[in-house]
There are 2 protein chains.
Amino acid sequence: MTPAPANRASGNVEDARVARTRADVARAALEVLTEEGSEAVTHARVAEIARYSKTTLYTHWPSRIDLITMAIEALGEMPHHQRTGELRADVIAELKVFRKGNLDLRLDRVVASMAQWASDEQMRQVRDKVNTDGQHQMYAMLGEVFSGAALDAAVSMLTGVVACPSLMFGTLPDDDIIAAAVDIVLNSAQARSVEM
Amino acid sequence: MTPAPANRASGNVEDARVARTRADVARAALEVLTEEGSEAVTHARVAEIARYSKTTLYTHWPSRIDLITMAIEALGEMPHHQRTGELRADVIAELKVFRKGNLDLRLDRVVASMAQWASDEQMRQVRDKVNTDGQHQMYAMLGEVFSGAALDAAVSMLTGVVACPSLMFGTLPDDDIIAAAVDIVLNSAQARSVEM
């Protein structure tokens with residue numbers, strides 16, 4: 001059945017209103033997640049920050065997993081460095097973008113929160129998408145000089161140079177540690193290609 | 001004032017009883033943390049698992065941070081590989097012990113939980129102690145061939161080979177990825193020493 005034009009128009013208004021509410025609530029949930037941690041992402045707290053009623057939130061997003069999932073989706077695409085073609089400079093720049101994301105987007109708290117909630121299938125899919133998106137460019141760059149297990153190892157290692165101090169000690173690596181890490185990985189690639 | 005002997009004896013009995021309660025509650029809190037995540041570490045849930053009353057728990061450990069801190073202290077010393085002196089084999093074995101810890105002790109969930117709670121000073125101290133303890137042997141081994149920023153980078157990178165897949169995707173690296181990572185780091189150390 002084709003709905004009457006008047007109905008369709010009011011449906012569109014309704015859809016736009018729900019979409020706006022969703023965007024507001026998602027932004028508020030992300031703010032609570034990164035500022036206060038995933039424990040704080042409750043219907044009451046997110047409703048307060050978003051300035052909607054708790055009833056509205058419960059109606060559309062009945063579980064806390066829904067709120068956390070929306071928060072993480074609200075992060076959007078992971079930021080990446082625009083490649084120049086100079087491998088060493090590009091890898092260093094990409095790690096600095098990731099380091100900045102840990103400060104600006106509090107990616108450390110997002111990762112920790114996602115790890116906590118990963119027993120939920122919906123959450124696990126969101127987590128895998130965010131993290132795959134985050135490592136995609138590093139795979140493309142290091143794929144020029146590594147393959148197979150060495151490529152997986154190199155990507156985990158360079159991710160770890162930023163992620164490990166951040167998650168384990170709440171600190172971020174200095175420029176010289178990032179450069180040293182990239183040199184260890186790329187020198188090794190060079191040594192391997194000389195051997196071959 | 002010296003307490004009468006009778007009092008001292010009953011004090012010792014009291015101390016022993018509190019110590020036993022503390023050990024029971026800490027073990028229960030660790031079980032809840034690793035099986036159900038830090039959100040589940042509530043007085044009600046830990047009391048249920050430990051088979052003590054909620055009132056007992058609230059009396060001795062009034063905040064949830066106390067319960068989480070005890071859980072993490074209950075982990076005890078981080079497991080390490082017994083060194084043989086053969087650097088490559090020792091580093092690989094140490095990473096495999098860390099990988100096993102992620103399975104047996106759910107260190108990934110412990111790390112994620114500690115990162116979430118790190119805005120609390122007491123929690124931050126526990127976190128730094130556990131993580132420093134975890135990386136100590138890796139620093140000693142890699143300190144034979146690296147120093148300064150390169151040493152920090154190498155330790156973060158090799159920690160990351162196990163920690164990153166675990167925290168980001170809930171998976172652990174295969175033996176060949178661990179070996180590839182160790183070879184990338186040690187080949188690079190060798191290339192540097194040849195240059196010098």
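## About the model

The model is predicted, so local features need pLDDT of at least 70 and side-chain atom pairs pLDDT 80 or more, while totals for chains, interfaces and linings use all residues. Residues are numbered from 1 along each chain as its sequence is written, chains are lettered from A in the order in which they are written, and side-chain values use heavy atoms, without hydrogens and water.

## Helix α7 of chain B

Helices here are DSSP runs (H or I, at least four residues), numbered from the N terminus. With 22 residues (121-142), α7(B) should span 32 Å at 1.5 Å a residue, and its end C-alpha atoms lie 30 Å apart, which agrees; the expected span is 1.5 Å times one less than the number of residues.

At B:Gln135, α7(B) bends by about 35° (the angle between axes fitted to the seven residues ending there and the seven starting there). B:Gln135 is also one of the buried residues of this helix, which include B:Met123, B:Val130 and B:Leu142 (buried means under 20% relative accessible area, 1.4 Å probe, protein chains only).

## Where the chains meet

Contact, meaning heavy atoms within 4.5 Å, links 44 residues of chain A with 44 residues of chain B. The two chains bury about 3,600 Å² between them, 66% of it on carbon and sulfur atoms (accessible area, 1.4 Å probe, lost on being put together, summed over both parts).

Two salt bridges cross the interface of chain A and chain B (a side-chain nitrogen of Lys or Arg within 4 Å of a carboxyl oxygen of Asp or Glu). B:Arg64 and A:Glu39 meet in a salt bridge at 2.7 Å, N to O.

Definitions and conventions:
Helix = DSSP H or I, 4+ residues; strand = E, 2+ residues; numbered from the N terminus. Buried < 20%, exposed > 50% of the residue type's maximum accessible area, 1.4 Å probe, protein only.
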